[in-house]
Amino acid sequence: MMKKILVYQRLERPVLQELQIKYDVRFFNDPNPLSNREFVSFLQEADGIIGLELEVNKTLLDHAPNLKVVSNVSVGYNNLDIEELTKRNIMATNTPGVLTDTVADMAMGLMLAVARRIPELDQFVKSRQWTQSLTEEQYGTDVHHKVLGIIGMGRIGQAIAQRARFGFDMEILYHSRTPKPEAEAKYDATYCTLDELLQQSDFVCLITPLTKETEGMIGKREFQLMKPSAIFINASRGKTVVESDLIAALKEGQIKAAGLDVFTKEPIEPDNELLDLPNVVTLPHIGSSTYETELAMSRLAAENLEAALNGQRPKNLINPSVWETAK
């Protein structure tokens with residue numbers, strides 16, 4: 001009998017087609033999947049789940065007695081209850097590494113877009129308002145030779161540091177759970193406390209995973225520590241920032257501007273005040289959204305899935321104790 005694979009929300013077509021040849025595959029994209037009878041029925045027999053942003057918690061797992069693996073098409077896995085999965089000896093995997101350069105490119109692009117006011121001035125030209133030389137009120141801010149503070153110095157944080165240091169001659173400060181001597185040597189980066197980073201940086205780039213420790217880590221107190229000229233970039237997860245405090249900081253001039261690829265609720269709600277602030281650049285969570293990278297992530301997720309289903313250790317296993325138990 002063919003193993004059953006539940007695909008949720010997104011998997012690039014070539015990879016989906018490859019899985020369909022070997023397995024009984026069903027695709028779902030329901031925002032409330034557990035209210036979908038067909039979803040629940042298939043879940044009860046599923047051997048594996050692969051996809052993006054499915055909330056895999058105790059409630060869902062109670063409907064999945066045969067499940068052996070959940071393969072996230074994402075580096076983040078805050079949608080997975082790892083403790084519950086481990087308790088049930090279900091492997092969980094993600095796709096780190098393949099999206100590092102793409103997300104770092106986006107973060108630098110967002111930094112430039114905000115500092116040089118590119119989206120705003122693009123609209124200025126397209127709306128036929130450019131009828132004379134620009135005035136001081138329309139000037140942007142230099143990026144080169146400024147101080148960049150990176151919160152989170154994992155793979156992506158280091159890729160951002162590389163671009164900023166060698167592409168824009170920026171001074172690099174960073175804060176992470178532990179110092180990274182190798183990164184310090186490579187990028188002439190300086191480890192500091194979060195407060196020191198916020199006080200000294202011209203640009204603050206947040207690139208941490210979303211965990212219990214990082215949820216809401218940047219709020220009113222942190223924005224008050226930043227320079228009034230500081231530009232804040234969030235390329236991590238929306239819930240790492242207290243969004244109401246960010247809005248207040250932008251409106252009250254505690255910081256100069258912000259570039260956001262992520263939001264507390266996604267897609268962003270139409271009445272969110274961030275959409276009306278001229279000193280904010282907003283993107284629809286495009287961090288890894290290039291065809292090449294999304295395809296590579298889908299392929300890696302499928303490799304993780306198939307390894308688990310075939311009794312092999314997945315390359316990107318989040319809860320290795322399940323594999324140790326299986327042996």
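Predicted model: local features only at pLDDT ≥ 70, side-chain atom pairs only at ≥ 80, totals over all residues.
Hi everyone. Let me begin with what I mean by an aromatic pair: two rings of Phe, Tyr or Trp, the six-membered ring in the case of Trp, whose centres lie within 6.5 Å.

Let me show you one of them, formed by Phe28 and Phe42. A pair of aromatic rings is described by the distance of the centres and the angle of the planes. For Phe28 and Phe42, the centres are 6.4 Å apart and the planes make an angle of 50°, a tilted arrangement. Phe28 belongs to strand 2, residues 24-28, while Phe42 sits in helix 2, residues 37-43. That puts the two partners 14 residues apart, and the pair links distant parts of the chain.

Gln9 is in the loop between strand 1 (4-8) and helix 1 (13-22). Most residues other than glycine have a negative phi, and most peptide bonds are trans. Gln9 has a positive phi, near 70°, and it is partly exposed at 25% relative accessibility.

Asp169 is another residue to look at here: its phi is positive, about 50°, and it is not a glycine. You will find Asp169 in the loop between helix 7 (155-168) and strand 7 (171-175). With a relative accessible area of 41%, Asp169 is partly exposed.

And where is there a cis peptide bond? Look at the step from Glu266 to Pro267, where omega is near -5°. Pro267 lies in the loop between strand 11 (257-260) and strand 12 (280-282).

Now for the inside. The structure has 1 cavity of 30 Å³ or more, and the space in the largest cavity is about 40 Å³. Which residues line it? Among them are Asn234, Gly238, Val241, Glu243, Leu260, Val262 and Phe263. Sorted by class, the lining has 6 nonpolar residues, 3 polar ones and 1 charged one.

Let me pick Asn234 out of that lining. Asn234 is in strand 10, residues 231-234, and it is buried, since its relative accessible area is 2%. A polar atom of the Asn234 side chain lies 3.4 Å from the backbone oxygen of Arg237. Leaving out neighbours within four places in sequence, Asn234 is in contact with residues including Leu206, Thr240, Gly259 and Asp261.

My last stop is Gln312, in the loop between helix 12 (291-309) and helix 13 (321-326). At 48% relative accessibility, Gln312 is partly exposed. Setting aside residues up to four places away in sequence, Gln312 touches Ala307 and Trp323. For a sense of scale, Gln312 and Leu148 are 164 residues apart in sequence, and their C-alpha atoms are 42 Å apart in space.

Methods: Residues numbered from 1 in each chain as written. Heavy atoms only, no water. 1 Å grid on protein atoms, 1.4 Å probe; cavity = no way out; pocket = protein on both sides within 12 Å on 5 of 7 lines; lining within 4 Å. Points joined across faces, edges and corners; volume = space filled by probe spheres on them. Nonpolar A, V, L, I, M, F, W, Y, C, P; charged D, E, K, R; others polar. Phe/Tyr/Trp six-rings, centres within 6.5 Å; stacked < 30°, edge-to-face > 60°. Helix = DSSP H or I, 4+ residues; strand = E, 2+ residues; numbered from the N terminus. Buried < 20%, exposed > 50% of the residue type's maximum accessible area, 1.4 Å probe, protein only. Polar contact = N/O pair within 3.5 Å; in protein donor to acceptor, adjacent residues only side chain to side chain. Contact = heavy atoms within 4.5 Å.
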